[in-house]
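Work through the exercises below with the sequence and the 3D view open. Each task is followed by a stepwise solution.

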2 protein chains.
Amino acid sequence: MPDQLVIKKIKGGVCAPRGFHANAVSAGIKNPDDPRLDLALIYSQHPCNAAGTFTTNRIKAAPVKVSQAYLKADAVQAIVANSGNANACTGVKGVGDARQTAKLVAKELGLRQRQVAVCSTGVIGLPMPMVRIEPKISELVTGLDSQKGDDVARAIMTSDTCKKEIAISVKIGGHRVRIGACAKGAGMICPSMATMLCFITTDAKITPVCLQKAVHEAVDNSFNRITIDGDMSTNDTVIALANGQSNTGSIKRNTRECRQFRKALQHVMLEMAQSLVRDGERVTKFVTVEVKGARTYLDAQKAAEAVANSALVKSSWNGNDPNWGRIIHAIGYSRAMVREELVDIHINGKAACLGGLQAKTPMDTLRNIVAKDSFTITINLHLGKADYEVYTSDLSPEYIDFNRSEYAYWKQARKDGLL
Amino acid sequence: MPDQLVIKKIKGGVCAPRGFHANAVSAGIKNPDDPRLDLALIYSQHPCNAAGTFTTNRIKAAPVKVSQAYLKADAVQAIVANSGNANACTGVKGVGDARQTAKLVAKELGLRQRQVAVCSTGVIGLPMPMVRIEPKISELVTGLDSQKGDDVARAIMTSDTCKKEIAISVKIGGHRVRIGACAKGAGMICPSMATMLCFITTDAKITPVCLQKAVHEAVDNSFNRITIDGDMSTNDTVIALANGQSNTGSIKRNTRECRQFRKALQHVMLEMAQSLVRDGERVTKFVTVEVKGARTYLDAQKAAEAVANSALVKSSWNGNDPNWGRIIHAIGYSRAMVREELVDIHINGKAACLGGLQAKTPMDTLRNIVAKDSFTITINLHLGKADYEVYTSDLSPEYIDFNRSEYAYWKQARKDGLL
């Protein structure tokens with residue numbers, strides 16, 4: 001019997017699963033005069049199994065170091081997150097600040113310090129303005145509420161133009177299970193401004209090993225498909241909390257229930273990952289690049305990522321130019337095995353290049369497709385059976401303009417006496 | 001005694017060495033109404049030893065395949081080059097067109113076909129307009145002249161805004177030797193529009209083995225330091241012709257003369273490579289990224305290239321933002337071994353980051369340096385003794401604008417009945 005899974009979208013974001021509360025406040029982290037929400041809390045009223053994946057960047061932000069240790073050591077049951085400052089490259093003081101935040105939140109919640117994960121996103125290299133964060137923590141905890149998932153999704157935004165959240169309901173082993181999530185994105189060439197964050201809540205009852213495995217697998221098939229060469233920024237973090245309040249039986253490894261849960265989790269993460277691409281900095285197009293017929297899985301991945309990360313290819317998409325020459329050029333330098341005379345490139349199913357040569361499809365037909373805000377490039381190398389798919393965007397002049405300077409942050413930090 | 005070498009700049013470009021003639025004509029390759037020079041010829045009146053390096057891209061343009069074979073097989077004595085069409089991804093017909101061009105030039109010059117190397121640069125995927133090239137070859141050969149090095153430098157330009165040429169005179173083993181060169185560049189993120197071309201002429205008398213080794217070494221220390229992760233585009237070609245007319249004794253391997261020649265050749269290529277960066281598409285800044293204290297040479301290279309290729313880092317330079325956070329972030333994902341607390345970053349000698357933390361140099365001081373049109377980022381990892389240096393540029397909104405579409409080329413190709 002196939003693992004048929006009916007996925008129903010529901011409201012509430014991270015508060016949709018039973019027993020989760022949330023809140024967000026404005027602490028003026030970027031700037032004391034900025035009234036936007038920038039400090040958020042997710043809290044489960046019941047003990048959780050927790051799992052996470054963290055950046056593979058060798059430079060890790062302080063909260064990453066701290067949360068990684070907490071997740072290993074204890075049953076994390078709350079997540080405190082801020083935007084506006086990444087607390088990265090902040091040395092011993094930065095680690096102290098992250099721990100202090102966890103400690104203060106834990107105290108208010110009646111938890112142990114190591115039960116509170118800490119996440120930050122924003123500019124790198126500036127000390128945290130603890131003087132503005134600490135006084136807000138009591139208000140943050142007091143205001144916890146089962147209706148404020150939305151506020152958390154908004155509070156973690158930096159250069160995002162819209163909040164990203166989702167909640168679904170699925171039946172696993174005969175019981176209804178809910179999964180909620182919110183995420184924040186980044187520039188799309190390589191996660192920018194230090195960070196992709198994604199928080200997942202679920203009322204599934206699931207063993208720690210099974211949860212960890214499901215999270216890793218889902219991240220591999222979602223967030224790792226939108227980053228440059230599989231690398232991550234200093235702060236990237238995905239944390240999942242499962243509090244078991246759905247009254248399912250415990251989901252264990254290698255069971256049908258586990259497969260169903262993994263499928264549901266992957267659905268949630270893929271939605272979040274794709275929405276990050278769509279809201280990438282100054283992005284105008286969502287592009288799926290699929291490589292088929294590669295000799296090996298790694299070859300398929302290399303070719304797909306080379307195309308998806310090529311500034312020249314991305315620039316041409318921005319100009320509605322179905323430039324297959326630049327695509328094959330990128331495949332050529334990707335180090336994937338390729339034979340020019342075998343390469344086919346289709347755009348939304350229309351042939352742009354067949355056997356390494358210009359196909360007969362009228363250029364205007366291809367041009368009309370690339371002018372859309374979403375299309376798929378399919379590359380068949382005809383050398384084997386491996387395939388790989390990545391999600392990417394165009395690259396716009398406005399992206400560069402947007403990323404030209406973070407100088408204002410430094411000026412504020414100096415005003416704050418932090419530099 | 002150290003290999004002291006006095007390098008004197010002289011005039012004449014590729015015609016500066018004795019016995020070299022050149023010419024360029026307008027064949028309307030891009031567009032029949034375009035009067036610009038686009039077909040060039042370099043010719044030595046005397047037999048040459050020749051050496052070359054070609055793109056490592058797995059998709060190679062037809063002229064690369066053809067010239068690579070010719071250089072192995074015979075004593076190449078002339079180079080015919082065109083801009084406006086890369087003759088890449090043009091299949092069997094493209095190879096036939098490249099051979100036909102060599103054949104026609106050889107016939108006019110009284111050489112064998114395989115003594116004429118062929119190079120192309122321009123748009124990928126369009127057939128060569130041979131109907132406009134063939135009638136021009138007789139004029140191209142007839143007009144050969146010892147004063148037209150300059151015309152060749154101009155004829156190979158595509159998106160370049162200025163011609164790149166150089167000629168030097170040095171004393172090797174007591175005899176005066178001249179080296180001339182011209183080159184064409186490309187977008188700076190990764191060689192664009194299919195191609196970097198560099199032609200080198202010299203009247204040195206040098207053994208084929210010694211010449212080939214010298215060319216490889218010089219390319220490694222120059223052109224390979226300005227490309228993305230050491231990869232090259234479909235057409236990249238460096239060809240050196242040495243005709244022995246300077247009456248030096250024959251320069252052999254492992255001699256003082258050989259070391260002097262290598263030094264002189266490297267000087268020429270580094271000048272050309274750096275001028276390509278300076279004239280990169282819509283570039284406003286020339287940036288040297290040097291990594292010191294890496295554990296291994298490969299680590300130093302990875303770290304330097306990650307920084308030099310980061311769109312975020314390059315965008316910040318464009319905005320005069322001395323953003324060391326983005327630099328350390330790029331080092332972190334480069335896969336080089338790095339310990340955050342040891343990393344120092346200096347900009348023109350001023351500390352931006354010490355031990356992984358913000359240094360005390362006033363941000364305005366750093367900002368004033370990054371506002372210049374040329375500066376050096378020095379990264380010390382303090383983990384070993386290996387170092388590596390690359391030359392790069394900022395990334396401007398205008399670059400993207402410029403690279404948005406090559407559609408006009410396709411329209412012309414259709415007018416020409418080639419598609």
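**Exercise 1.** How many residues of strand S7 (residues 164–172) of chain A are buried?

Solution. First, the ground rules. This is a predicted model, in which local features need pLDDT of at least 70, side-chain atom pairs count only at pLDDT 80 or more, and totals for chains, interfaces and linings use all residues. Residues are numbered from 1 along each chain as its sequence is written, while chains are lettered from A and ligands numbered from 1 in the order in which they are written.

Step 1: apply the cut-offs. A residue is buried if 20 or more other C-beta atoms, placed from the backbone, lie within 10 Å of its own, exposed if 12 or fewer, and partly exposed in between. Strands (E, at least two residues) and helices (H or I, at least four) are DSSP runs, numbered from the N terminus.

Step 2: count. Seven of the nine residues of S7(A) are buried, and the strand is mostly covered.

**Exercise 2.** Which strands does S7(A) join by bridges, and in what sense?

Solution. Step 1: recall the rule. Two strands pair if DSSP finds at least two bridges between them. Strands of a sheet pair through backbone hydrogen bonds, either parallel or antiparallel.

Step 1: take strand S1 (residues 8–9) of chain A. Two bridges join S1(A) to S7(A), and the two run antiparallel. Lys8(A) has Ser169(A) as its bridge partner.

Step 2: take strand S8 (residues 175–184) of chain A. Nine bridges join S7(A) to S8(A), again antiparallel.

Step 3: inspect the turn. S7(A) and S8(A) form a hairpin with two residues between them. Gly173(A) in that turn has a positive phi of about 55°.

**Exercise 3.** State the strand order of the open six-stranded sheet in chain B, then place the helices that pack on the sheet.

Solution. Step 1: the order is S1-S7-S8-S9-S10-S4, with mixed pairing. The edge strands are S1 (8–9) and S4 (49–54) of chain B, each pairing on one side only.

Step 1: check one pair. S8 (residues 175–184) and S9 (residues 197–202) of chain B are antiparallel over six bridges. Lys184(B) stands opposite Leu197(B).

Step 2: H1(B) touches S4 and S10 (237–242) of chain B, and its direction makes about 145° with that of S4(B). Contact requires C-beta atoms, placed from the backbone, within 7 Å. Axes are lines fitted to C-alpha atoms, for helices over the stretch in contact, and angles run from 0 to 180 degrees between N-to-C directions.

Step 3: H7(B) touches S7 (164–172), S8 and S9 of chain B, at about 165° to the direction of S7(B).

**Exercise 4.** Which residues of helix H6 (residues 208–220) of chain B are buried, and what do they pack against?

Solution. Step 1: list them. They are Cys210(B), Leu211(B), Ala214(B), Val215(B), Ala218(B) and Val219(B).

Step 1: locate them. They are on the same side of H6(B), because they cover an arc of only 160° around the axis. The arc is that of the directions from the helix axis to the C-beta atoms.

Step 2: find the partners. These buried residues pack against S4, S10 and H7 of chain B.

**Exercise 5.** Is helix H10 (residues 324–333) of chain A mostly covered or mostly open?

Solution. Step 1: count. H10(A) is mostly covered, with 10 of its 10 residues buried.

Step 1: name the cover. It includes helix H8 (297–309) of chain A and strand S6 (116–123) of chain B.

Step 2: look just past the helix. Arg335(A) takes a positive phi of about 75°.

Terms used: Two residues are in contact if their C-beta atoms, placed from the backbone, lie within 7 Å.
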